[in-house]
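Please keep the sequence and the structure in view while reading.

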Amino acid sequence: MNCLPISSKKSRDFEEINTLLSSSRIGVALNFIQKDIIKKAIKNPGRTFSAKEIATDCDKSLNSARKYLNDLTKHKILALTAQGKTKLYIALSNIRGVLEKG
């Protein structure tokens, strides 16, 4: 059982992920939006992201959102799949390991 208050645990998790990103060669090359996607992906392995979702949430064009997601796919942080004509990007379960190696 975890006795830390929820806010302390969230704060510790956030700092851990920030440290991981800042010490990773991959993390240094990413923008704020991509880092935010990674934080969400680490917390929810298997979660799917769409370009439309990122474009809407981050007030960016669909092309920019696709580029951000495709870059994360190249770094093996997300995996590309399709649902009909919609491309979806799935958060992989080994993101921490990828960042630690990269």
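## The largest nonpolar core

In this predicted model, the largest nonpolar core has 25 residues, and those that touch the most other members are Ile38, Phe49, Ile77, Leu78 and Leu99. Two or more residues of this core come from each of helix 1 (6-23), helix 3, helix 4, helix 5, strand 3 and helix 6 (95-101), and the element that gives the most is helix 3, with 5 residues. As a general background, nonpolar side chains tend to be buried together in soluble globular proteins.

## Contacts of Leu99

When residues up to four places away in sequence are not counted, Leu99 touches Leu20, Leu21, Ser24, Ile26, Ile38, Ile42 and Ile77. Of these partners, Ile38 and Ile77 are also listed with Leu99 among the core residues that touch the most other members.

Helix 5 covers residues 62-74, 13 residues in all, and its first and last C-alpha atoms lie 18 Å apart, close to the 18 Å expected at 1.5 Å a residue. Its buried residues are Ala65, Tyr68, Leu69, Asp71 and Leu72; they lie on the same side of helix 5 because the arc they cover around the axis is only 155 degrees. Asn63 and Lys74, by contrast, are exposed on the other side of helix 5.

The cover over the buried residues of helix 5 includes helix 3 (32-43), strand 1 (48-50), helix 4 (51-58), strand 2 (78-83) and strand 3 (86-91). Just after helix 5, the backbone at Lys76 takes a positive phi of about 65 degrees.

Definitions and conventions. Residues numbered from 1 in each chain as written. Predicted model: local features only at pLDDT ≥ 70, side-chain atom pairs only at ≥ 80, totals over all residues. Heavy atoms only, no water. Helix = DSSP H or I, 4+ residues; strand = E, 2+ residues; numbered from the N terminus. Expected span 1.5 Å × (residues − 1). Buried < 20%, exposed > 50% of the residue type's maximum accessible area, 1.4 Å probe, protein only. Arc of directions from axis to C-beta. Contact = heavy atoms within 4.5 Å. Core = buried A, V, L, I, M, F, W, Y, C linked by side-chain atoms within 4.5 Å.
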